[in-house]
Amino acid sequence: MKMILLNVYLNELGIQLDISSKGKRIVLQKVVYLAQAAGADLGYRYSWYLNGPYSTDLTRDYYKLVDDAESQAEAPKYVLSDELSQLLESIKPLLTKPHIFREGEDDWLELVASLDYAMRVLRMSPDNAVAFVKGEKPHLAPYAEMGLNALSESSLGLASA
Amino acid sequence: MIGDRTKKSVSDPVHGTIPLNEVEARVMQTQVFQRLRRVKQLGLAHYVYPSADYSRLAHSLGVCHITGLTIQSLARNGFAESEEDYQYYRLAALLHDVGHYPLSHCTEHAVLDYYEERRAEAKLKKKDDGSGPKSHDGEELEGIKHERVSELVLLEDKELRAVLESHGYDPSKIASIFLRQNTADFPLSNLISSDLDADRFDYLLRSSRATGLPYGSIDFEYLLSQLARDEDGKVCIQKKAMRAAEHFLLSRYFDYQQVVFHKAVVGLENITQQVVRSMLDKSLLNYSKATVREAIAQNGFRSGRDVNCWLNWDDDQLMSTILDYYRENQDTVDGLKARCLLERRPPKLVAEIEMIDPRSDGRPFKAFQLNVQTAFNTRANQIGLERDQHFSWYRSVELTSVASRIPATDRSKKFEEEREKSVRIMKQDGRSSDFLFNHRGSLMSTLSDSALYMFRIYVVPKPDQEVAVTELKSQLWADVPDAPWT
């Protein structure tokens, strides 16, 4: 059942089970992080690694899911609960990178997930979170404020706290 | 010299003497830490190795000690930490296991499996019949890993908090180290959780001492003396200690085969997990996050065997609950399983195959596994075994692994982020480092392409099925003669 849930959840978020590149795996990790932060919790807990928030258990599960033909066959028979669907819907605007963001989708998600992690888990103020992300991720530094603004306009709400 | 203020000395069979300073001695005296005396480090391994019944408390002291030695060694080699950070790391090591469930990982696996399934049921509904989720989601349906329970203990237990805060230490910062949440402020978090960490060092040394197996004969002090940090701040070892590091990794591999994956230990622990899941299902136990949080917040012992009191949650209480469960379910398969545990009668191992094969391709082994399972299912029907009387167990074990589940050496880079936890060797330039398994002179570079695949089928026979089940083993050998039987 757990694998079916992960499958349906990722489908709802428009994430394909294609994890052939690091960029795609970063997208999956960060999308699930942000969706969970919005309240659509699957129980994956994140630690801090090179590319920001990362869950070992999610890694283990999505590789398992890729090999799990039974769960993939069963998944189309299910939909998410209304509450979970609404929560996922609420986070979708944040998942789309702005036109003026010149880097990749994985970079955008890494940026906003890292900012949220800095505020939510490390309990930093928005200003400190921006400084932290600039220091940890120099390639994303020019966009740190843009990421913070996007977070403050999203359903996550921490950035304006 | 950092860490030179001994308040208390603890005698230890592995490390000789473990010095503790004042805050550590006071932490040791808290009730939540003392509870660890009553939780065995190795689950049910003592059913096979009678002396392997040491506690999480002894192990936690050992991890704290090794963490201190490691940071001191780095300081001697020119990579000093501040006194405050040194203390934070030691406290994180001391408290990283304070949230372990009774019987340690044995129960933890059952708890996580059980609540993950309940949670999934609560979040899905069927398309065709429109039936909604069976229950509401929330902390009542969340099972959490012991590290997260440790965090809850640090945040919720008043006595522990008071001790830490009175010495100026922030409990949430301590938790962030063993949860690896804040590697920017605590870059040495890997010392408590990685391939070559204090946790694994103490585990191997202590397990070896307690079981009588020889795998603890590692060059521990030499390894510590050769620690360094590269130009990016990553902890690594000097190249001349590469053999000692490989010896350690191999020793760990053999220890796992002999202790953790021992056929009787695996059989008994799986049965315990099945019984625990049944008791969770019948609300005879409740280890949900909501209950764990509430139990910790009780802050003190409660009378009798109050199931909602954290300090009461120890191995004896769980075994006693299982005994009660057995008394009331003697005529059921669950009762049969509980009795196996109480009387130390492991389930019958009727099939066991294993082989070492390329790690990237488990298909040949999967084919054998399927053939053996199919042959077993046919035989099981013939002798009337019920579905819950048997179970299968599968593992693929990389010869060098990170965090017990994720291969450190994955050349397809599937787990690249977690490779931060693997052993690194300082390069000739004395500034940069690379992974041990990338070193062409390393045994690990060859072994990393292989995995040991294991598959077993266990049966819990009823008294009138004993003979038929005993014969199953040879019958299955005959049914699938080409399988890699052990």
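Me: How many residue pairs are in polar contact between chain B and chain A, and what makes a pair count as one?

Reply: There are 16 such residue pairs between the two chains, with both residues at pLDDT 80 or more, and each meets the rule that a pair of N or O atoms lies within 3.5 Å; within protein, one atom must be able to donate a hydrogen and the other to accept it, and residues adjacent in sequence count only if both atoms are side-chain atoms. This is a predicted model, in which local features need pLDDT of at least 70 and side-chain atom pairs count only at pLDDT 80 or more, whereas totals for chains, interfaces and linings use all residues. Residues are numbered from 1 along each chain as its sequence is written, chains are lettered from A and ligands numbered from 1 in the order in which they are written, and side-chain values use heavy atoms, with hydrogens and water left out.

Me: Which element of chain B supplies the largest share of the side that touches chain A, and what makes residues of that side count as charged?

Reply: Helix 5 (105-123) and strand 3 (124-126) of chain B each supply at least two residues of that side, and the largest share, seven residues, comes from helix 5 of chain B. By class, the side of chain B that touches chain A has eight nonpolar, four polar and 21 charged residues, where Asp, Glu, Lys and Arg count as charged, Ala, Val, Leu, Ile, Met, Phe, Trp, Tyr, Cys and Pro as nonpolar, and the others, Gly among them, as polar. Helices (H or I, at least four residues) and strands (E, at least two) are DSSP runs, numbered from the N terminus.

Me: What makes strand 3 of chain A and strand 3 of chain B a pair?

Reply: Two strands pair if DSSP finds at least two bridges between them, and strand 3 (residues 78-80) of chain A and strand 3 of chain B are joined over three bridges in the antiparallel sense. In this pairing, L80(A) stands opposite L124(B).

Me: Why do strand 6 and strand 7 of chain B stand at the edges of their sheet?

Reply: Three strands of chain B form an open, antiparallel sheet in the order 6-12-7; strand 6 (348-358) and strand 7 (390-398) each have a single partner strand, so one side of each is left without a neighbour in the sheet. Nine bridges join strand 7 of chain B to strand 12 (residues 450-459) of chain B, and H390(B) stands opposite V459(B) there.

Me: How much area is buried between chain B and chain A, and what makes it buried?

Reply: About 3,300 Å² is buried, of which carbon and sulfur atoms give 53%; buried area is the accessible area (1.4 Å probe) that two parts lose on being put together, summed over both.
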